Amino acid sequence: MKLITKSPEETEKLGEDFARKLRPKDVVFLVGNLGSGKTTFTKGVAKGLGITTRIISPTYVVLRSHSVKNGPIRTLYHFDLYRLKDEKETLGVDFTDYLEDENGIVIIEWPQVSQYIIKRKTWKVIFQIREDMREIEILQE
Ligand code: ADP
Ligand code: MG
């Protein structure tokens, strides 16, 4: 499914709608350049899940966890691996607990460096910048 969004609000709304498709243990890869809308989309997902804490990009901390109050999904694990240079650095992050959480959802910005470590992937969302618009493709893996 490929869509065009014309504003950050539209991208957020797309994330909010997408959240309805998510099931516990889903792993979502967000692929796209800096400023292409990955965090904006994640804000929408969080909103869709009923998360009320503010979503800011975990660029410097790698991971931010957000609790969900109701429903089968209890935690959103939001990763940003931008600062990890290669697979070797990624090995320093133990993803096991997060991937195995029966009530968790894992969303990863800049997942490229982790592709050999994280083999389970449920969704891939590809963001492309088209001037003031964004082309967003949602793929179920
Ligand atoms: P990323 O996490 O991919 O680096 P962000 O979501 O943090 O990107 O930032 C996207 C930036 O692009 C924001 O400054 C936002 O205002 C701007 N923007 C412009 N048009 C759009 C759009 N259609 N969707 C999402 N963001 C947009
Ligand atoms: Mg980001």
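Student: Which residues does threonine 122 touch, not counting residues up to four places away in sequence?

Tutor: This is a predicted model, where local features need pLDDT of at least 70, side-chain atom pairs count only at pLDDT 80 or more, and totals for chains, interfaces and linings use all residues. Residues are numbered from 1 along each chain as its sequence is written, chains are lettered from A and ligands numbered from 1 in the order in which they are written, and side-chain values use heavy atoms, without hydrogens and water. Threonine 122 lies in the loop between E5 and strand E6 (123-130) (helices, H or I, of at least four residues and strands, E, of at least two are DSSP runs numbered from the N terminus). Its contacts (heavy atoms within 4.5 Å) are Lys25, Asp26, Val27, Leu139, Gln140 and Glu141.

Student: Is threonine 122 buried or exposed?

Tutor: Buried means under 20% relative accessible area, exposed over 50%, and partly exposed in between (1.4 Å probe, protein chains only). The relative accessible area of threonine 122 is 18%, so this residue is buried.

Student: What is the phi of lysine 25?

Tutor: Lysine 25, one of the residues touched by threonine 122, sits in the loop between H1 and strand E2 (27-31). With 24% relative accessibility, lysine 25 is partly exposed. Although lysine 25 is not a glycine, its phi is positive, at about 75°.

Student: Which residues coordinate the magnesium ion (ligand 2)?

Tutor: Donors are N, O and S atoms within 2.8 Å of the metal (3.2 Å for Na, K and Ca); water is not among the atoms, so sites may look incomplete. Here the distances are 2.1 to 2.2 Å, and the donors are OG1 of Thr39 and OE of Glu109.

Student: How many residues apart in sequence are the parts that threonine 39 and glutamate 109 tie together?

Tutor: Threonine 39 is buried at 17% relative accessibility, and glutamate 109 is buried at 2%. Threonine 39 belongs to helix H2 and glutamate 109 to strand E5 (residues 104-109), so the parts tied together are separated in sequence by 70 residues.

Student: At what angle do H1 and H2 pack?

Tutor: Two packed helices are described by the angle between their axes and the distance between the axes. Axes are lines fitted to C-alpha atoms, for helices over the stretch in contact, and angles run from 0 to 180 degrees between N-to-C directions. Helix H1 (residues 8-19) and helix H2 (residues 38-49) have axes 6 Å apart, and their packing angle is about 45°.
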